[in-house]
Amino acid sequence: MQPDRERDQCRSAGVGPGSGRPPSGLYDAVLLDRDGTLVEDVPYNGDPEKVRPVPGAREALDRLRAAGLRLAVVTNQSGLARGYFTAEDMRRVHARVEELLGPFDHWAICPHAEADRCACRKPAPGLVHDAARALGTVPTRCVLIGDIGADMSAAAAAGAAGVLVPTPATRAAEVAAAPTVAADLPDAVDTVLARMRLVAAPAPARRAARGTVLVVRSDAAGDVLVTGPGIRAVAAGADRVVLLCGPRGRAAADLLPGVDEIIEWPLPWIDAPAPPVDPDAIQALTARLAAVGADDAVIFTSFHQSPLPLALLLRLAGIPHISAISDDYPGALLDVRHRVPAGVPEPERALSLAAAAGYPLPPDDQPGLRLRTDRLPPAPAAAGPPGYVVLHPGSSVETRACPVELATRVVRVLGAAGHRVLVTGGPDERELTARVAAAGGVDLGGRTGLAELAGVVARAGALVVGNTGPAHLAAALGVPVVSLFAPTVPFGQWGPYRVPTVRLGDAAAPCRDTRATACPVPGHPCLSAVEPGRVLEALRLLGVPAAVPAPVPGGVVG
């Protein structure tokens, strides 16, 4: 069964609005693998005398407990199914673990062998769901610390965060694919606690004056979407929020909660291709910004962008207080110069700046992405009943698109398995979507703007997509994502945020961390080598059922 949307999960678990127990920070709970993470890995151990904690484990766990986080162990124990030890042996081992490391709030155990194909054995997400329920929270408010790729896959498939602590047994490919990597368990705990502090209000907190706040995110649609939590945080502490965005982000800006007015303006130091620097246009922009009458400004940028050119214009426009993330010395341009470590997920990066500016996310909100669903049009009639799979093969950045041959084969394999597949794309991608949909899908190419696409995705069982804007639409709508993610940028920073996800592709490909926009390796091998059957397996892992549709002749909607 497909996981519920985050807000519904929070209500049922007693977290968030109306629960009487508001959430705090990013996480409610930390889930930990047992063997290789908490204790030394002794294969099929049924002897409590062989339990040896990893160095620093007790102190690290006590720091999590002191921070108010609940702890659970999530562990595969196939030795039970194989008859290598008894349930009583395992109970005595776990009693010894708690004797050495302190109590855990829950133990989630899979007793099955791999051949049983159960829903709980990692990399399946069943143990994560079990632990979250037992702890009174939801997977999206949990972080799982483990030592192998199966731990990270289970976390991602449930929508939880993951931190990998490699051991000599961890494969290099698993390290490359992990969203976050720590040196050891104490370092992993440092990472979790540091991220929680990053989005909390600083002490003593700056008291932001209510009034009009100008927020800025001038980039593509996906960039605007991942900034949404930070903008909502600002809106919670302001009387009025005006958003400055670029033409490529306007459609996403229209869907963000908390925005009262939008100024659309191309910025020559952000947009690509960049418009020429026109002195008259810069003067007009400065005058337009002055007319806002903002009491405060928060400039959201990506990690490779500078806020300082715009900060100068905001000073000239008379805005009295300006906050931004800047590695460069800002002089008198910024009142709050914020710093963020590399690799922090983009939504958390935005939340941390908002908090530093005096606008922490209020306790009745969740840090995930969100859309104004009242602005979503209904899906076109051709989409059919809910539960279909959306495949979005294109992207405005070549390296992030799904290779057309792979997309075509995916449609064929999913259709043969009983999935109804809708192929989506922009007006300039009609030829691409027609070619892909001809393999057995429904072609919606050119029929959906961003809002219409969101309406289609909202009713989907899952979205299959590269690292592009629709992935963040799905995250905002709580729709599971099969992420065909080219490693040109870090997955932990740019992957779908707080939504059940399966990542596919070669995370260690030569294009890794190049930020290339044109594929630097012939043949796009990081994605072209993905077998379509892996996409089908990913849908099963995410709990997306197939529903055999009536065929559409030619795969094209007129």
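Which loop is R498 found in? Select the stretch between α19 (491–494) and β17 (501–504), and R498 is there in the loop. Helices here are DSSP runs of H or I with at least four residues, strands are E runs of at least two, and both are numbered from the N terminus.

Before going further, some ground rules. This is a predicted model, so local features need pLDDT of at least 70 and side-chain atom pairs count only at pLDDT 80 or more, while totals for chains, interfaces and linings use all residues. Residues are numbered from 1 along each chain as its sequence is written, and side-chain values use heavy atoms, with hydrogens and water left out.

**Stop 1: two positive phi values**

Stay on R498. Its phi is positive, about 55 degrees, although R498 is not a glycine. R498 is buried, at a relative accessible area of 10%; buried means under 20%, exposed over 50%, and partly exposed in between, using a 1.4 Å probe and protein chains only.

Now go to H524, in the loop between β17 and α20 (525–528). H524 is another non-glycine residue with a positive phi, near 50 degrees. With a relative accessible area of 12%, H524 is buried.

**Stop 2: the whole protein**

Zoom out. The protein has 21 helices and 17 strands. Its C-alpha trace spans about 80 × 65 × 45 Å along the principal axes. A compact globule of 558 residues would have a radius of gyration near 24 Å, and the protein agrees with that at 24 Å; the radius is taken over C-alpha atoms, and the globule rule is 2.2 Å times the number of residues to the power 0.38.

The accessible surface comes to about 21800 Å², 54% of it belonging to carbon and sulfur atoms; areas come from the Shrake-Rupley method with a 1.4 Å probe, and for residues only the protein chains shown count as cover. Of the 558 residues, 58% count as buried. Among contacts with a separation of 6 or more, 67% are between residues 24 or more positions apart; contact means heavy atoms within 4.5 Å.

**Stop 3: α8 against α14**

Two packed helices are described by the angle between their axes and the distance between the axes. Select α8 (residues 185–199) and α14 (residues 346–356): their axes come within 7 Å and cross at roughly 50 degrees. Axes are lines fitted to C-alpha atoms, for helices over the stretch in contact, and angles run from 0 to 180 degrees between N-to-C directions. The pair is therefore oblique; under 35 degrees would count as roughly parallel, over 145 as roughly antiparallel, 65 to 115 as roughly perpendicular, and the rest is oblique.

Which residues of α8 and α14 meet? Show R195, L198 and V199 on α8, then E348, L351, S352 and A355 on α14. By class, the residues of this contact are four nonpolar, one polar and two charged. Nonpolar covers Ala, Val, Leu, Ile, Met, Phe, Trp, Tyr, Cys and Pro; charged covers Asp, Glu, Lys and Arg; the others, Gly among them, are polar.

**Stop 4: α15 against α16**

Next, pick α15 (residues 404–416) and α16 (residues 430–437), whose axes come within 8 Å and cross at roughly 40 degrees. V404, E405, A407, T408 and V411 in α15 meet L432, R435 and V436 in α16. This contact has five nonpolar, one polar and two charged residues.

**Stop 5: L371**

Follow the chain from α14 into the loop that runs to β12 (389–392), where you'll find L371. Is L371 buried or exposed? Buried, with a relative accessible area of 5%. Leaving aside neighbours within four places in sequence, L371 is in contact with L225, L255, P257, A454, L473, A476 and L477.

**Stop 6: the loop between β1 and α2**

Jump to the loop between β1 (29–32) and α2 (57–66) and select G46. G46 is buried, at 18% relative accessible area. Beyond neighbours within four places in sequence, G46 is in contact with F85, D89, R92 and V93.

V39 lies in the loop between β1 and α2 as well, and counts as buried at 4% relative accessibility. With neighbours within four places set aside, the contacts of V39 include R34, V51, V54, V97 and L101.

**Last stop: a cis peptide**

Finish at P123, in the loop between β3 (106–110) and α5 (126–134). The peptide bond joining K122 and P123 is cis, with omega about 25 degrees.
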